[in-house]
Amino acid sequence: MKRSIVLNLLAIVAATTLLATSAVADSVTIKGSDTMVLLGQKWAEVYMKKNPNVQIQVTGGGSGTGIAALINGTTDIAEASRPMKPTEVTSAESKQGAKVKETPVALDALSIYVNAANPLTEISLPQARKIYTGVVTNWKEVGGPDAPITLYSRENNSGTYVFFKEHVLQNDDYDPSAQTLPGTASVVNAVSKDPNGIGYGGIAYAEGIKALKIKKDDNAPAVDGTLENAQSGKYGLSRELYFYVFPNKNAAADQFVSWVLSPEGQSVVMEVGYYPLKH
């Protein structure tokens, strides 16, 4: 009798353990872009409600950090606000023995921020370049008040830092006076408290500050970073946001990426403040 009870208890324990492990049978790790971290977390939240057997962990750290984790095999999905460099792709494929897949998942209208009290409403990309390379140091030189410009920037492991350097600075160096901050939220916070500040980052973070209209050159019209202008490419700093994965390595990750690209997944993009892909 006692042996029967013990066996029954063991069976119950085994069944309970099986249920517990099968309740969260699949896990997905996502790491990378601070620009995308809020979007990734929202996607994960919505997806896990629909798929309670899947556990998704989303962390930031910068696009470079996410890509490094993908190369080293410590994340399933790298979120990046810039394309992977050819050297990064080569390193990843060499280390992991598989092909990396690049998947655009959303659009961003990268914004140039100023303090809400700043009278400026627009800026040309050549003006922004001169400001961030230290050629222009006073707001009056670009139509603003007679006050020194305080530069706020992202750290160099940020995809946004790289994108801004390539597309605005034309690969010139940032002025040494630029204060580097660890995330877009930090840049927005600094600019919101500094009447002379200027910063840049994803459009979804543009709260409590002013996002300037962008002119592709000094004589071009000023364009808002709207959905239509981002999707058409009319906005001078529109960009794609990416997932990088090794397909077939984690079925749960592959299914999640497919869902992100679905109409339901793309509807979440607008909720966070970014733009869905143009289909």
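Arg239 lies over the face of Phe163, 5.4 Å from the ring centre; a charge sits over a ring if NZ of Lys or CZ of Arg is within 6 Å of the ring centre and within 35 degrees of the ring normal. The model is predicted: local features need pLDDT of at least 70, side-chain atom pairs count only at pLDDT 80 or more, and totals for chains, interfaces and linings use all residues. Residues are numbered from 1 along each chain as its sequence is written, and side-chain values use heavy atoms, with hydrogens and water left out.

Rings of Phe, Tyr and Trp (its six-membered ring) pair if their centres lie within 6.5 Å; planes under 30 degrees apart count as stacked, over 60 as edge-to-face and the rest as tilted. By this rule there are 13 aromatic pairs. The rings of Tyr242 and Tyr244 have centres 5.8 Å apart and planes at 35°, so this pair is tilted. Both Tyr242 and Tyr244 are buried (under 20% relative accessible area, with exposed over 50% and partly exposed in between; 1.4 Å probe, protein chains only).

Phe243 and Phe256 have ring centres 6.2 Å apart and planes at 25°, so they are stacked. Because Phe243 lies in strand 12 (residues 238-245) and Phe256 in helix 9 (residues 251-261), the pair ties together parts 13 residues apart in sequence. Helices (H or I, at least four residues) and strands (E, at least two) are DSSP runs, numbered from the N terminus.

Met48 is in helix 2 (residues 37-50) and counts as partly exposed, at 22% relative accessibility.
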